Amino acid sequence: MHRLAGLVQTVSPGLFLREWLARPGSVGAVWPSSRQLARQMAAQVPLSGDGLVVELGAGTGAVTQALLDRGIPGRRLWIVERSPAFVQHLRYRFPALTVVGGDAADLESLLPANKKVDAVVSSLPLRSLPPDVVGAVVEQWRQCLAMDGLLVQFTYALWGRDMDLFEGFAEDPSRYAWLNMPPARVRIFRRMAFAGSGS
């Protein structure tokens, strides 16, 4: 029984469930993202460019692996995760990547100075976070993303627009991961020049 408990703590779904039970407001799902959702998110990130691709809320690394599989070089990936347990897991799983423990609401302070950010790929549970926290996170995206930089955010809300929250961004057509449990929507935004409070 002790051996089984240890296994549940180390495999991704078990770790994810344990973190969700401990902090349900910070972990938006009880199970890691499916391969379909992870690949759908990664597919939106262009391979060109030399700026950072910042992943937020990496969890157990499903989207991280999809970004690597897509061909994003490890030197461009910058992983930000708040949960110490997930940080430990990610550093063990991806020893060659930069994994930073910290809060996305403080993103600018967690990034290397004067380094351009080409894309932010976010699995943060925006709909379950307090409005002031969501506002702070989105403001950090405005501050950090290069003009015309890409923001990829998934949600379980399959419809609806809240562009007042995403002021300073233009939204591309959504993609859908119907086989994810539950089905998920991938929203794609582009940072607009001279718009929003971060310009």
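1. Helix H7 contains several buried residues, namely Val 134, Val 137, Val 138, Gln 140, Trp 141, Arg 142 and Cys 144. Buried denotes under 20% relative accessible area, exposed over 50%, and partly exposed the range in between, with a 1.4 Å probe and protein chains only. These buried residues pack against S1, helix H6 (107-110), S4, S5, S6 and S7, where contact means heavy atoms within 4.5 Å.

2. The model is predicted: local features need pLDDT of at least 70, side-chain atom pairs count only at pLDDT 80 or more, and totals for chains, interfaces and linings use all residues. Residues are numbered from 1 along each chain as its sequence is written, and side-chain values use heavy atoms, with hydrogens and water left out.

3. The sheet is open and has seven strands, in the order S3-S2-S1-S4-S5-S7-S6, with mixed pairing. At its edges are strand S3 (98-101) and strand S6 (169-177), each of which pairs on one side only. From one strand to the next the twist averages 20°. Helices (H or I, at least four residues) and strands (E, at least two) are DSSP runs numbered from the N terminus; two strands pair if DSSP finds at least two bridges between them.

4. Strands S1 (residues 52-56) and S2 (residues 77-81) run parallel and are joined by four bridges. Val 53 has Leu 77 as its bridge partner in S2.

5. Helix H7 (residues 131-144) packs on the sheet and touches S1, strand S4 (117-122), strand S5 (145-155), S6 and strand S7 (184-191). The direction of H7 makes about 150° with that of S5; axes are lines fitted to C-alpha atoms, for helices over the stretch in contact, and angles run from 0 to 180 degrees between N-to-C directions.

6. The whole structure holds six aromatic pairs. Rings of Phe, Tyr and Trp (its six-membered ring) pair if their centres lie within 6.5 Å; planes under 30 degrees apart count as stacked, over 60 as edge-to-face and the rest as tilted. Trp 141 and Phe 166 are stacked because their ring centres are 6.5 Å apart and their planes are at 15°. Trp 141 lies in helix H7 and Phe 166 in the loop between S5 and S6, 25 residues apart; both are buried.

7. The rings of Phe 154 and Tyr 156 form an edge-to-face pair, because their planes are at 75°, with centres 5.3 Å apart. Phe 154 is buried, at 10% relative accessible area, whereas Tyr 156 is partly exposed, at 30%.

8. Ring pairs also link Trp 141, Phe 166, Phe 169 and Phe 189 into a cluster.
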